[in-house]
Amino acid sequence: MSSTDRDVDHALAYPEPPASPLWHRHGAKARPLTPEQQRRNRELLDIAQRTTRPRSSRPTETLAEAS
């Protein structure tokens, strides 16, 4: 029986690469936010979700046309 006759799961054909060392934290852990910081973050998030951002005004002519 050749390898082409077998049922092969191609997703498992190659091993998954190891996780990047940058994904792991070493050293001091981040300190928790104070209740005041948490409240401020909630307020800013609420404002950001309620307001729409204005579109940037772009010039209608291209750089080549402007020269």
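Reader: What should I know before I start?

Author: The model is predicted: local features need pLDDT of at least 70, side-chain atom pairs count only at pLDDT 80 or more, and totals for chains, interfaces and linings use all residues. Residues are numbered from 1 along each chain as its sequence is written, and side-chain values use heavy atoms, with hydrogens and water left out.

Reader: How many helices and strands does the protein chain have?

Author: Start with the rule. Helices are DSSP runs of H or I, at least four residues; strands are runs of E, at least two; both are numbered from the N terminus. Here the protein chain has 2 helices and 0 strands.

Reader: What share of the residues counts as buried?

Author: Buried means under 20% relative accessible area, exposed means over 50%, and partly exposed lies in between (1.4 Å probe, protein chains only). In this protein chain of 67 residues, 0% count as buried.

Reader: Which residue does Glu36 meet in a salt bridge?

Author: Arg39, at 2.5 Å, N to O. Look at helix H1, residues 35–50. Arg39 and Glu36 are 3 residues apart there, so about one helical turn separates them. Arg39 is partly exposed at 35% relative accessible area. Glu36 is partly exposed too, at 47%.

Reader: And which residue pairs with Glu43?

Author: Arg39 again, at 2.2 Å, N to O. Glu43 and Arg39 sit 4 residues apart in helix H1, so they are separated by about one helical turn. Glu43 has a relative accessible area of 32%, which means partly exposed.

Reader: Where do Asp46 and Arg50 lie?

Author: Both are in helix H1, 4 residues apart, about one turn of the helix. Salt bridges that share partners join Glu36, Arg39 and Glu43 into one network. The side chains of Asp46 and Arg50 also meet in a salt bridge, at 2.8 Å, N to O.

Reader: Is Arg50 buried or exposed?

Author: Exposed, with a relative accessible area of 66%. Its partner Asp46 is partly exposed, at 33%.

How values were computed. Salt bridge = Lys/Arg side-chain N within 4 Å of Asp/Glu carboxyl O.
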